[in-house]
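Okay, thanks for coming, everyone. Let me get the model up on the screen and then we can walk through it together.

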Amino acid sequence: MKKLSSIQILIMAITAGVCVANIYYCQPILNEIARSLNLNGDDVGIIAPLSQAGYGLGLLFITPLGDKIDRKRLILYLQLLLIAALIGMSFSTSLLSLYAASLAIGLFAVTAQVILPMAASLVTENRGKVVGIIFTGILIGILTARVFSGFITEWIGWKYVYLISAAIVGVTAILMQTDFPSVEDRFEGSYLKLLSSVIHQLKRFRTLRLSALLGALVFGALSSFWVTLTFYLSGAPFNYKPDIIGLYGLLAAGGALMAPLIGKISDKGESPKKVLLLALTLIVVSIILLYLFPASNIALILTVLLIDVGVQAVQTTNIALIYTLDTKANSRINTVYMTSFFIGGSLGAFAGIIAWKHGGWNVVLLQMIIFIVLAVITTLNINNNQNK
């Protein structure tokens, strides 16, 4: 099998991050979109969950196709459709067009989830490191998206967020059509059988079931943290403005650079369970820091770094682990895992908002600890014999 070069791995990581970022651009600029189009703010707010819903639909119905047709060709089609959706969003003038474009953006942004199993299928050595680099690209895209859209909107208007993104996606689409090796093994059945086979992977591997649950719990805790952090930092004793709050996303993106290191540790044969428990310990320490020093900016910075590194360590180890189960079914296995991952994130964000409303920051921290305790219990049940 032809090996991936460092440049090809970098292209895949950047492309994955660029694509997934599109579903988060709208979140800090909803009020500006509503104001510029003279629309009700609450009505416009629906575009945020619509893009998430589109991403979920794409995970379920598009990403499994990576096991059936050439992934390189599938990525090109998805990126072209994503460019069309982004241009449509920038020219939207009504609620209906905003809703349709947002749903389409989420649907075609799943390009990132075709790239991840593609990378895993194209390498046999250093798989954990390569997966870690691609996942770093995805996380940086998620964490910097809000900062990017906020600054572009502030300087030249929200429509340019989507036009600039369309141009960037176009550049990465060209780069992704360079000489990537092809995977010969293909799923030979019908599309319906392919979708049915996704559920079969969940039944087939206990490791996948446990990893999917673990990923959901950990991303749920992270989502609880980030969705309520804005409320926390907006009030006393910090009283920060949105631009300052957005900088914490950049700080977390810096921590994302740890993901390849975690993957490298996995490649050296360290027990997945040991790495996962260490990562969960970092998250617990970060939550305790915030509880003990609620007014300390230093404690907050350390928390952002520790929780981010901990979550990335869990996800990188999980992904490297599940991609050893059956390389011929990587796209379907990835569909199971990432669907669970994003469902966990949505539930975590919802739980965080409820916790904030009913008890403020300390109740949010308690809710996060509950998620991590459940994650520890799940991890203890993972067998180091991966092919189960």
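I'll go through the core, some aromatic pairs, a helix contact and a few backbone details.

Quick housekeeping: this is a predicted model, so local features need pLDDT of at least 70 and side-chain atom pairs count only at pLDDT 80 or more, while totals for chains, interfaces and linings use all residues. Residues are numbered from 1 along each chain as its sequence is written, and side-chain values use heavy atoms, with hydrogens and water left out.

Let's start inside. The largest nonpolar core has 119 residues. By nonpolar core I mean a set of buried Ala, Val, Leu, Ile, Met, Phe, Trp, Tyr and Cys residues joined through side-chain atoms within 4.5 Å. Buried is under 20% relative accessible area, exposed is over 50%, and partly exposed sits in between, using a 1.4 Å probe and protein chains only. Which helix gives the most to this core? That's helix 11, residues 206-234, with 14 residues. Helices here are DSSP runs of H or I, at least four residues, numbered from the N terminus.

Among the residues with the most contacts inside the core are Met12, Tyr162 and Phe225. Take Met12: leaving out residues up to four places away in sequence, Met12 touches Leu4, Ile115, Met118, Ala119, Ile134, Met176 and Phe180. Contact means heavy atoms within 4.5 Å.

Ser331 lies in helix 16, residues 330-359, and is buried, at 0% relative accessible area.

Now the aromatics. There are 15 aromatic pairs, where rings of Phe, Tyr and Trp (its six-membered ring) pair if their centres lie within 6.5 Å; planes under 30 degrees apart are stacked, over 60 edge-to-face, and the rest tilted. Tyr25 and Tyr162 are edge-to-face, at 6.4 Å centre to centre and 80° between the planes. That pair links distant parts of the chain, 137 residues apart: Tyr25 is in the loop between helix 1 and helix 2, and Tyr162 is in helix 9. Tyr25 is buried at 7%, and Tyr162 is buried at 1%. Phe225 and Trp226 are edge-to-face as well, 5.3 Å centre to centre.

Trp356 of helix 16 and Trp361 of helix 17 are among the residues making the contact.

Last, some backbone details. Ala236 and Pro237 are joined by a cis peptide bond, omega about 5°, and Pro237 is in the loop between helix 11 and helix 12. Asn239 is in the loop between helix 11 and helix 12, with a positive phi near 55°. Asn38 has a positive phi of about 55°, in the loop between helix 2 and helix 3, and is exposed at 71%.

Methods. Helix = DSSP H or I, 4+ residues; strand = E, 2+ residues; numbered from the N terminus.
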